[in-house]
Each structure stands twice: as structure tokens, then as C-alpha cells.
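Subject: Structure handover

Hello,

Here is the structure I promised to pass on. Please open it beside this email and follow along as you read.

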Amino acid sequence: MKNLTKEIFSICLILIILAACKNKIQIDDQQKQVISEKTQKDLFKFYKDLELKPGYHFEVLSWGKSVDSVGAYSILMSDSVKKNFKAISAEREGVLTDAWNMDMDNDGNPEIYLQVSVKKNEADLYVYEFAGNSFNKISFPGTSSIKGYNGNDKFFIKEGDLYRTVSVLEKEDGKEQNITKTYRYTLNSNTFSMKENKIEQKN
């Protein structure tokens, strides 16, 4: 009887130890998950998954510590159907705020647009075309040709076309005033052209 009692006690002790170990493992896993989520939040300032079709994705992310406006970004292409994976990374100056895909020149190759806040009220675009199984950067027109440019950039897409509105300082009757101008962009042979839409609004 004593031996049976000892065996029962030993079994109970083993079960208690196993339960304690299991709880510790669960706590450790939870802690690891919290640490992982915090690390991702601190490291990756921006993330967006662009799905062109099932199994065909472009994931855009940016990272950088300490200063948000300085860091780097990556575009990760994954085609699970063809088992093909490509990536490109580059440095950035500014905060990555949005990303989207288009095919403005209708050549069957997607373009990935990354919108970056350069200053408090100024924005710019990084554009990459994925063609021939590689990423090709396309130069996007700056604002140096916009006389009186005063920021407040806003990009939008309408009927498959890319537009940008900006504020422009103009003098009228000796007084400066802000005029909102809209520009339409077209893409041909990997070269952008910019044309003003003659619709202006005084602020």
C-alpha cells in the first residue's frame, strides 16, 4: 500500500512539473509574440500588401530607427504560382505614407508607386516598373518647373489617370494669394510627362 501511495505521489509530482513547464512555455511564447510585434512596429514604419491577382503580390515596407524621415524601403515581389520571388531596396529621405500599383502605359507590366512625405507639406513619388523579372526605377517629374510652388501636394487617381494638386503663390493686384493647380501625368516608354489641367481654385 505504501508503495502504491509513493507511486501515486510520484505521478502527481511529475504531472505538476509538466503543467508548470507547459505554462512557462506558453508565457514565453506570449512574451516572444509581444516582443516580435513591438520589434516589427518599431522597425517597420510602413507596410502594405498590393495583390495584383491571387498568389501575385507586391509587399511594400519601410524601416528606420530613431528618425522617421531617414531610412530605407523595400518592395518584395512574390509569385507563388510560378514560385518566383524578387526584391529591391533603396534609401529614402522622407516618410513613406502610401503605395499603390497601376499600369499607366498599358504595356502589361505593373508600376509600383510609393508616396513619400518629403517635408511637412511636400510630397514626392518613387516609381518602379516590374518588367523582365526585375525592378526598373522610373524618374518622376519634380516640382522645379512649377513656378511659385508652395507645397500641399495631393495625389489622386481618376479614370485610370494620375493627378497631382499643388498650391502655387501668385501675385494679383500687388497681393500674394494661393492658387490650387492640378497636373495630369502620362507615361510613355518609361518616361513621365506632366501637363497642367486648366482648372484653378483660389484659396
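Is K198 buried or exposed? K198 is exposed, with a relative accessible area of 70%. The residue sits in strand 12, which covers residues 191-202. Look across from K198 to T182. Those two are 16 residues apart along the chain, and 7.5 Å separates their C-alpha atoms.

Among the elements, helix 1 (residues 2-43) has the lowest mean pLDDT, at 51. Strand 8 (residues 134-138) has the highest, at 97. Take care at the start of the chain. Over residues 1-6, pLDDT stays under 50. The model gives that stretch zero contacts beyond four places in sequence. Where pLDDT is low, the predicted coordinates should not be read in detail.

Four of them form an open sheet in the order 1-2-3-4, and the pairing is antiparallel. Strand 1 and strand 4 (84-93) are the edges, each pairing on one side only. From one strand to the next, the twist averages 15°.

Inside this sheet, strand 2 (residues 56-63) runs antiparallel to strand 3, and eight bridges join them. One example to find: V60 has I75 in strand 3 as its bridge partner.

Strand 3 (residues 70-79) also holds S78. S78 is buried, with a relative accessible area of 16%. Which residues does S78 touch, leaving aside its neighbours within four places in sequence? They are G55, Y56, H57, E59, N84 and F85.

Strand 5 pairs with strand 6 (residues 111-119) in the antiparallel sense, over seven bridges.

**Nonpolar cores**

In soluble globular proteins, nonpolar side chains tend to be buried together. What does this model show? The largest nonpolar core has 19 residues. M104, Y113, L125, F140, L162 and F192 touch the most other members. Strand 5, strand 7 (122-131), strand 10 and strand 11 are the elements that give two or more residues to this core.

Leaving aside neighbours within four places in sequence, its contacts include M104, Y113 and F140. Others on the list are V127, I138, S139 and P141, along with Y185, T186 and L187.

**Salt bridges**

How many salt bridges does a search of the whole structure find? It finds four.

Start with K48 and D98. Their side chains meet at 3.0 Å, N to O. K48 lies in strand 1 (residues 44-53) and D98 in strand 5 (residues 95-102), so the pair ties together parts that are 50 residues apart in sequence. K48 is partly exposed, at 30% relative accessible area. D98 is partly exposed too, at 26%.

Next, D161 forms a salt bridge with R184, and their closest N and O atoms are 3.4 Å apart. D161 belongs to strand 10 (residues 161-172) and R184 to strand 11 (residues 175-188), so this pair ties together parts 23 residues apart in sequence. R184 is partly exposed, with a relative accessible area of 30%.

Finally, E170 forms a salt bridge with K181, where the closest N and O atoms are 3.2 Å apart. E170 is in strand 10 and K181 in strand 11, eleven residues apart. Which of these two is buried, and which is partly exposed? E170 counts as partly exposed, at 30% relative accessibility. K181 counts as buried, at 11%.

Best wishes

Terms used:
Residues numbered from 1 in each chain as written. Predicted model: local features only at pLDDT ≥ 70, side-chain atom pairs only at ≥ 80, totals over all residues. Heavy atoms only, no water. pLDDT = per-residue confidence, 0-100. Helix = DSSP H or I, 4+ residues; strand = E, 2+ residues; numbered from the N terminus. Contact = heavy atoms within 4.5 Å. Buried < 20%, exposed > 50% of the residue type's maximum accessible area, 1.4 Å probe, protein only. Core = buried A, V, L, I, M, F, W, Y, C linked by side-chain atoms within 4.5 Å. Pairing = 2+ DSSP bridges. Axes fitted to C-alpha atoms, helices over the stretch in contact; angles between N-to-C directions.
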